[in-house]
Amino acid sequence: QVQLVESGGGLVQTGGSLRLSCAASGRTFSSNAMGWFRQAPGKEREFVAAINWSGGSTNYADSVKGRFTISRDNTKNTVYLQMNSLKPEDTAVYYCAADRDRYSTWAPAATIRYDYWGQGTQVTVSS
């Protein structure tokens, strides 16, 4: 059974940091781009960051550029999202996802590209 399991969420004050992890099991995603998305209450799921299979290409939403960093460790089948300078508007459930295509040279932002999704981890930033 293929699973993506996010961890590392929690409650943090404005300006604080969190590091999210997404561990894959059941198959390897070392040849797939991986993405992070988030969904706040009453809002649609939105793209946050993505990284291609090799880690050589990354892509960020404008709202998180300069504050968030996506990375991956293919030996551990894990992708990370380092979140710094957190703001209350970053409060959401964060999901990781795996691209349906293999060996993509870029890091896609479109939700439709992603076939496998985790259950999400809550991030709450207090003001």
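I looked up the contacts of methionine 83 first: leaving out residues up to four places away in sequence, methionine 83 touches Gly16, Ser17, Leu18, Leu20, Arg67, Phe68, Tyr94 and Val123. I note that this is a predicted model.

I then checked where methionine 83 sits, and found it in strand 8.

Next I turned to the largest nonpolar core. It has 34 residues, of which Trp36, Leu81, Met83 and Tyr94 touch the most other members. I listed the elements that give two or more residues to this core: strand 3 (18-25), strand 4 (32-39), strand 5 (46-51), strand 7 (68-73), strand 8 (78-83), strand 9 (92-102) and strand 11 (121-126).

For leucine 81 I again set aside neighbours within four places in sequence. Its contacts are Leu18, Arg19, Leu20, Trp36, Val48, Ala49, Phe68, Thr69, Ile70 and Tyr94.

Last, I traced an open sheet of four strands, and wrote down the order 1-3-8-7 with antiparallel pairing. Strand 1 (3-7) and strand 7 are the edge strands, each pairing on one side only. From one strand to the next the twist averages 15°.

How many bridges join strand 1 and strand 3? I found five, in the antiparallel sense. Valine 5 has alanine 23, in strand 3, as its bridge partner.

Notes. Residues are numbered from 1 along each chain as its sequence is written. This is a predicted model: local features need pLDDT of at least 70, side-chain atom pairs count only at pLDDT 80 or more; totals for chains, interfaces and linings use all residues. Side-chain values use heavy atoms; hydrogens and water are left out. A nonpolar core is a set of buried Ala, Val, Leu, Ile, Met, Phe, Trp, Tyr and Cys residues joined through side-chain atoms within 4.5 Å. Buried means under 20% relative accessible area, exposed over 50%, partly exposed in between (1.4 Å probe, protein chains only). Contact means heavy atoms within 4.5 Å. Two strands pair if DSSP finds at least two bridges between them. Axes are lines fitted to C-alpha atoms, for helices over the stretch in contact, and angles run from 0 to 180 degrees between N-to-C directions.
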